[in-house]
Amino acid sequence: MELLQLRYFYAVAINQHISNTAKQLHIAQPSLTQTIHRLENELGVKLFKSSGRNIVLTEYGSYLMNKIKPVIETINEIPVELAEMAHLNKNIINVNVMAASTIIIDALIKYQEENNDVKFQINQSTKSDMADITVFTQPFYQKQNEYTYVFSEEIYLAVPEKSVYLGMESVALEMMRDKSFISLAGSKPLRQICDRFCMHSGFSPKIIFESDSPTAVRNMIGANLGIGFWPQFSWGNINENTVALIPISSPVCRRDIIMTRGNDESKSNYNEVCRFFNYLIQYFESLKENKA
């Protein structure tokens, strides 16, 4: 049995009229009649019998109709359900944020204020293949493509307001070898980058406190419990009278924030993904202009 045969049989069973059904299906009447006969021959039973000018189902036809009715109705619902799914999905953007989460969330909120029909799914995974847009930094390097934007930022030394280093134009990181550091948790990419800066300067940082929260890091430094690192853009401004930022003269302390987007034009949300990706680029560029 072929699906087309069953669909034609079901339509005839509903109408109980070959000619009217043929017109409804936009096919020739002989073609419809032949399809029904082939189905009857394949099953070895008569599905219809004459009743005046019309036809009616035999007991075998009634049995077959009852069996295939839920199947045919389900198949008929599929185009509508797929259309609804596509409509919903075209406004959902999956963003994988492994770096610069403060900037990305701020940009996302502002974008959603201007486009309230857009929804976001946010995750943080080094193995996410479902993301429409991925934001990451080394060491979580991912394959880049032509749909990639790279944003560079300096890494400053964050010191208490009353630090002896306050007022210096810059400081060499090797001078901090004996200092106590307040830092992000060791699993964070920025922490791993800053640890490498210290190793390059000939020492391993003495971590006396670590946290998943940049705010907690800032507050601990402001409490004069140690020093730390602060990225130029991605954690926002210090905006505190208790902490100061000093440029690091050596080694060069900088990181790249990398954004990539997918290029599957067949996805229903492709246009919205492109719009938000371009918005993110403009948002990052505006940060640099405001710092200039």
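Is H26 buried or exposed? In this predicted model, local features require pLDDT of at least 70 and side-chain atom pairs count only at pLDDT 80 or more, whereas totals for chains, interfaces and linings use all residues. Residues are numbered from 1 along each chain as its sequence is written, and side-chain values use heavy atoms, with hydrogens and water left out.

H26 is exposed, at 73% relative accessibility, where buried denotes under 20% relative accessible area, exposed over 50%, and partly exposed in between (1.4 Å probe, protein chains only). H26 lies in the loop between α2 (18–25) and α3; helices (H or I, at least four residues) and strands (E, at least two) are DSSP runs, numbered from the N terminus. The phi of H26 is near 60°, a positive value in a residue other than glycine. A100, likewise not a glycine, has a positive phi of about 55°. A100 occupies the loop between β3 (92–97) and α5 and is buried, with a relative accessible area of 6%.

Helix α3 spans residues 29–43. Its buried residues are L32, T35, I36, L39 and E40. They sit on the same side of α3 because they cover an arc of only 135° around the axis, the arc being that of the directions from the helix axis to the C-beta atoms. The exposed residues P30 and N41 are carried on the face of α3 turned away from its buried side. Just after α3, G44 adopts a positive phi of about 80°.

A cis peptide bond, with omega about -5°, joins S250 and P251. P251 is located in the loop between β12 (248–250) and β13 (254–261).

Notes:
The expected span of a helix is 1.5 Å times one less than its number of residues.
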